[in-house]
Structure formats: structure tokens, C-alpha cells
Amino acid sequence: MARRCALTGTGSQFGHKVSHSNRKTNVRFLPNLQHVSLISDALGTQVSLRLTAATLRSVEHNGGLDAFLLSHADRNLTAEAVRLKRQIKRKLAKVKKAA
């Protein structure tokens, strides 16, 4: 399983660990991934995702999964997130049309 955030695509980064003697050692910094189940209000289902802690805070700050996806451009989201966003948009359009 790839170490990537399911919504933003944030992955591992590379850099140097620098010792007191200024010796540089290559190191891989891994994202803080969490397995979470978020509820989509529009779809009425739970969506199980693997998100970074920072993305999870952003989702909560934006008012939930639906609001987060609808407020972000497709180019900033992963393919899985874009698919979920399209499902949410279709469901909202169907509800609006019925009302």
C-alpha cells in the first residue's frame, strides 16, 4: 500500500538528518497517515480513507468531507477524491432537481 494521503496525495519526502558534527545522512520523512471513516452527508454513507493528520484537520475545518471536496479544485485532489467528489455532485444535483 502506498504511503499517500487519499485526498491530497501527500507522500513521503526526502532530506538530510544533520548531526551535531554537521554530518548529513539521507533520510525519508513519512507522512502521518491515519485510517479514518468519514461520513458523507450527501451520499449518506461512511467512507473509509487513509488521510494525513493535517488533511484530517483541514476536512474538519471546512465542515466535513463533502464541503472539503467541493471547495477544492480537482487538480489538487487525487483520482479517488475526484471520483468521490463527482458522486457527491451528482447526488446533490439529483436532490436539488427533485425539490
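Lys89 belongs to helix H3, which covers residues 79–98, helices being DSSP runs (H or I) of at least four residues and strands (E) runs of at least two, both numbered from the N terminus. The model is a predicted one, in which local features need pLDDT of at least 70 and side-chain atom pairs count only at pLDDT 80 or more, while totals for chains, interfaces and linings use all residues. Residues are numbered from 1 along each chain as its sequence is written, and side-chain values use heavy atoms, with hydrogens and water left out.

With a relative accessible area of 46%, Lys89 is partly exposed, a class that falls between buried (under 20%) and exposed (over 50%), as computed with a 1.4 Å probe and protein chains only. Lys89 gathers with Arg83, Arg86 and Arg90 in a patch of positive charge on the surface; such a patch is made of residues with over 30% relative accessible area and no salt bridge, like charges being joined within 9 Å.

Strand E4, spanning residues 45–52, contains Thr52, and Leu51 is also found in strand E4. Leu51 counts as buried, at 0% relative accessibility, and Thr52 counts as buried at 7%. When residues up to four places away in sequence are not counted, Leu51 is in contact (heavy atoms within 4.5 Å) with Cys5, Ala6, Leu7, Asn32, Leu33, Gln34, Val36, Leu38 and Leu56. Although Leu51 and Arg4 are 47 residues apart along the chain, their C-alpha atoms are separated by 7.8 Å.

Key: Patch = residues over 30% accessible without salt bridge, like charges linked within 9 Å, V, L, I, M, F, W, Y side chains within 5 Å. Areas by Shrake-Rupley, 256 points an atom, 1.4 Å probe, with all protein chains shown as cover. Salt bridge = Lys/Arg side-chain N within 4 Å of Asp/Glu carboxyl O. Lys, Arg positive; Asp, Glu negative; His and termini not counted. Charge placed at Lys NZ, Arg CZ, Asp CG, Glu CD.
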